[in-house]
Amino acid sequence: MRRRGGLGHRDDHPLSALRAARVPAYRSLLRGRALALSRLGRRAEAAGPLGELIGRFPRDEEVLAELLRCEAATAGPAAALARYADYQRQLRDELGSDPGPALRRLHQELLQADAPVIRRGVRHEPNPLLGRERDIEAVAGLLRTSRVTSIVGTGGLGKTRLAHAVAMVAEQRVVHVVELAGVAADGDVTAEVASALGVGEEGGNPGGRRHVPAQRLAGIVAALGPGPALLVLDNCEHVVRGAADLVHALVSLSKDLRVLTTSRAPLGLSSESVYLLPELDLSTTAELFEQRVRAARPDADLPAEAVWELCGHLDGLPLAAELAAARVRIMSVAEIARRLDDRFAVLRGGARDAPQRHRTLHAVIDWSWNLLDPAGQAAMRALAVFPGGFTADAARHLLGGNSLLVLEQLADQSLLKVADTAPGARYRMLETVREFAAAHSRDAGETGRVTGRFLAWARDFGVAHHDWMQAGDDLAAIELVRAEQDNLVLALRLGLDREDAATVAAVSAVLGGLWLVESSFARLAALTRDTARILPPFRPEPALVEASRTSQVLGAVSGLLLRGPNPARFLAGLRRLPPAPPDTFARAAQAVLNALDESPEAFMARLDTLGRGDQPLLAGMADMMASYAWDGAGDLDGALAAARRALAAFERRGGAWLRAGAHSQIGELCLRADEAGSGDEAVRHLSAALAVAEAFGARSTVDRLRASIVAAHLQRGALDEAERELGLTTAAGWESGDLPMFHEAVRAEVALARGDVDAGLRRWRTAAAALRDPRREEPGGGLAGLEPWAQEVQAIAVLAHARYGQLSQVAEITGALPALLATLTADAGRPADATAESYPGLTIWGLLLLALAMTDLDRARRDGDERAARLAAQMIALAERFGIGYGFRSATSPATARQAAQDAAGPAYGDAVSSYAGLGPKALRAALRAALAARAGAAAS
């Protein structure tokens with residue numbers, strides 16, 4: 001016998017009371033779920049729960065109604081009618097009443113269920129409708145919950161085909177599709193619908209008045225029938241008022257009617273739900289194009305790359321894909337793609353069974369264009385100048401004060417797409433629409449006036465947003481700049497063509513800052529070259545002084561770090577600007593750059609003075625420059641100390657990006673420090689920089705930082721962490737083909753660290769050989785034509801093989817090292833200063849020199865050549881003075897190289913360390929040349 005009174009069985013226990021109190025809520029949830037399943041069309045799934053609910057609550061007529069619908073759908077109308085009859089009889093016997101009105105109406109629908117299914121005007125698909133499965137499901141869902149649903153989108157998207165596909169599978173037994181494309185006026189809409197439904201002509205609408213005639217309206221309602229019906233009105237955009245009046249009246253008179261419309265503009269009714277039909281994605285566009293090409297010319301050549309390139313310019317418009325496919329009868333895919341600059345001439349000649357307005361792309365857009373009033377057309381002509389979309393503020397620059405009203409009209413006509421972005425709402429035209437409007441602008445002779453207003457907007461934007469690096473909201477600012485990038489690039493090109501220095505100064509200031517953040521160094525170097533002639537002599541008006549200062553600071557920094565045009569031009573231009581306190585990024589940077597005119601010793605002293613001042617932004621900038629300078633001079637400790645001071649200064653004043661730059665510099669320097677714990681510190685600082693770069697969406701910078709974090713984990717011996725971080729790297733920060741080789745190099749290090757020497761060395765050889773692809777080298781340049789990263793891999797491959805006594809397997813690299821070093825250290829014809837040769841300059845030289853020295857030392861040991869051993873030890877000392885910069889330490893650490901030099905020729909190594917200790921960059925380069933000459937001389941003798 002079960003024992004009562006335990007914790008789970010006492011009726012007065014709090015848990016029992018809580019359970020009892022929750023029973024109604026639980027039953028309500030079960031009821032709501034069952035009703036929702038039925039109303040979402042999941043009848044079979046809902047039937048069971050609804051049946052259980054009716055068993056408990058037999059008088060719940062809302063639940064009973066949904067159960068009847070489920071049974072009609074799954075077991076047939078007869079089963080539902082039998083259940084209704086049982087319920088009606090019980091009510092009459094027990095209560096003397098009838099079911100409620102809602103249930104009686106459902107009973108009438110069930111009685112009509114055996115009536116024939118009507119699909120009038122619904123077209124079967126001539127070929128598969130690709131990529132619209134989710135759209136069909138979404139529209140069908142809206143029809144269940146909304147009286148009126150409108151499929152809205154630009155011409156050529158396939159609204160009509162989607163509406164017919166929805167009508168074909170509609171739940172309603174009565175479906176009528178009425179085409180309104182041929183209706184000329186709003187007042188004729190009702191007559192067209194009545195005619196399509198077979199309603200007589202009584203109660204005409206003379207004069208085209210907008211009211212809906214009562215007799216004709218009653219005839220339409222009667223033709224649709226008393227039960228659930230679906231009326232589809234196709235192509236409403238040119239008679240939207242007439243369609244809206246009719247739909248409003250029908251919805252008011254018929255409870256069970258659903259209306260589906262297609263239009264380039266919504267009806268604007270309170271009963272309406274709008275479905276914005278999206279463009280096809282690129283893969284579906286390509287599939288549709290290939291399908292239609294095979295139907296037109298089965299033997300056509302369809303290279304995948306060419307197809308995707310072509311389809312990428314078709315705006316995801318199914319009609320554009322079909323028109324392009326039709327041209328394959330007489331042109332190749334590549335020819336069509338090349339001629340898309342005049343897409344309206346190319347994309348024409350559609351199928352004969354297509355409506356006239358769909359036989360050319362021009363006709364599709366022209367249909368919408370002619371629905372605009374003159375103000376809307378003028379706005380389209382002006383706004384087409386923006387290649388990258390625009391904000392409402394940008395539109396005001398071109399349109400004036402009433403721009404929001406005009407934008408609303410254009411969006412309603414599906415000529416503008418609206419998207420929510422972090423900075424706010426953004427508008428864009430499909431490229432097809434933009435080219436159409438731009439052509440009208442040229443024909444109207446408005447190009448000059450529109451371009452002038454566009455450049456004025458670009459100047460104002462640059463002035464407002466050029467100096468964001470020291471601000472607390474720099475993330476929001478950079479997102480704003482990135483959103484306008486395509487527009488600003490066009491403005492820059494137009495400004496350069498017109499030699500409009502004001503526009504060039506303002507625009508290059510914001511673009512240069514963006515590309516510096518994103519590590520888009522190729523773009524930044526090109527910007528510096530393009531502006532080097534026009535910016536330095538420019539005398540800006542007061543409003544443009546600070547933007548000009550920013551642009552020239554970026555030009556000077558680019559010239560220094562990226563080996564671009566001589567920074568002296570930009571420095572001279574900066575001296576022409578009015579002096580200002582160093583309270584912004586550009587002003588502080590200028591104060592630091594001004595010190596470049598001094599001697600190297602005075603330059604470093606000046607940086608030290610600025611770094612110890614009481615202005616944190618200036619101090620941080622000076623310390624960052626000092627860190628790069630000390631690094632370039634081979635003083636790693638001095639570089640680290642300066643970078644840490646810079647971080648402390650930027651934490652007092654400076655934006656997130658300046659702090660990230662300091663974290664990154666510290667992390668990179670720690671990677672090269674041969675000290676305990678430096679790997680942990682490198683990970684900490686690089687991770688802090690990575691978090692900012694990810695927030696900024698700077699993908700190239702993110703991947704560069706991840707690569708350094710991988711190297712730091714390897715240095716720490718954290719092999720699993722290195723492999724995990726490696727899996728997160730992408731190709732954004734790498735030249736084509738470099739990322740796989742970086743992966744190969746990391747796996748080589750992991751294999752060596754785990755004791756698999758053969759596999760590790762084989763992977764190093766694979767990486768080095770792939771990066772030596774002759775197509776990547778400059779003619780006759782040997783290894784000199786490779787990027788610094790690729791040169792680093794060559795050196796580390798040599799060092800790894802030297803450590804394990806297998807240098808014979810990398811003889812191709814070791815044989816090229818002397819010529820490579822001679823080429824790199826040749827006088828480039830530019831002045832040498834404290835910053836002219838910085839990482840990855842001197843440190844790459846040090847790494848390459850170390851590889852050559854370890855090769856010579858191995859040969860000297862085998863040959864018993866003491867002179868060669870002394871020269872190799874001296875080269876190791878010189879390599880250390882350059883700074884041995886690499887993150888892969890399984891190959892050879894600086895300590896290992898140092899010990900090898902001391903063992904082979906200790907006195908010669910010690911003397912060399914002393915003689916090289918005080919040398920600056922210019923003297924170090926001379927010492928390297930001398931060492932190479934001594935080596936060559938010894939080999940000759």
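Predicted model: local features only at pLDDT ≥ 70, side-chain atom pairs only at ≥ 80, totals over all residues.
User: Where is leucine 610 found?

Analyst: Leucine 610 belongs to helix H29, which covers residues 600-611.

User: Is leucine 610 buried or exposed?

Analyst: Leucine 610 is buried, because its relative accessibility is 10% and the cut-off for buried is under 20%.

User: And what does leucine 610 touch, not counting residues up to four places away in sequence?

Analyst: With those residues left out, leucine 610 touches Ala591, Val592, Leu618, Ala619 and Ala622.

User: Changing topic: at what angle do the axes of H18 and H21 cross?

Analyst: The axes of H18 (residues 392-399) and H21 (residues 447-465) cross at roughly 140° and come within 9 Å. The two helices are therefore oblique to each other, and their crossing is right-handed.

User: Which residues meet there?

Analyst: From H18, Ala394, His397 and Leu398 meet Val450, Arg453, Phe454, Ala456, Trp457 and Asp460 of H21. By class, this contact has six nonpolar, one polar and two charged residues.

User: One more residue: where does threonine 855 lie?

Analyst: Threonine 855 lies in helix H40, which spans residues 842-863.

User: Why does threonine 855 count as buried?

Analyst: Threonine 855 counts as buried because its relative accessible area is 5%, and buried means under 20%.

User: What is threonine 855 in contact with, leaving aside neighbours within four places in sequence?

Analyst: Apart from those neighbours, threonine 855 is in contact with Val798, Leu807 and Thr814.

Notes
Residues numbered from 1 in each chain as written. Heavy atoms only, no water. Helix = DSSP H or I, 4+ residues; strand = E, 2+ residues; numbered from the N terminus. Buried < 20%, exposed > 50% of the residue type's maximum accessible area, 1.4 Å probe, protein only. Contact = heavy atoms within 4.5 Å. Axes fitted to C-alpha atoms, helices over the stretch in contact; angles between N-to-C directions. Parallel < 35°, antiparallel > 145°, perpendicular 65-115°, else oblique. Left-handed = near helix turned anticlockwise from the far one by under 90°. Nonpolar A, V, L, I, M, F, W, Y, C, P; charged D, E, K, R; others polar.
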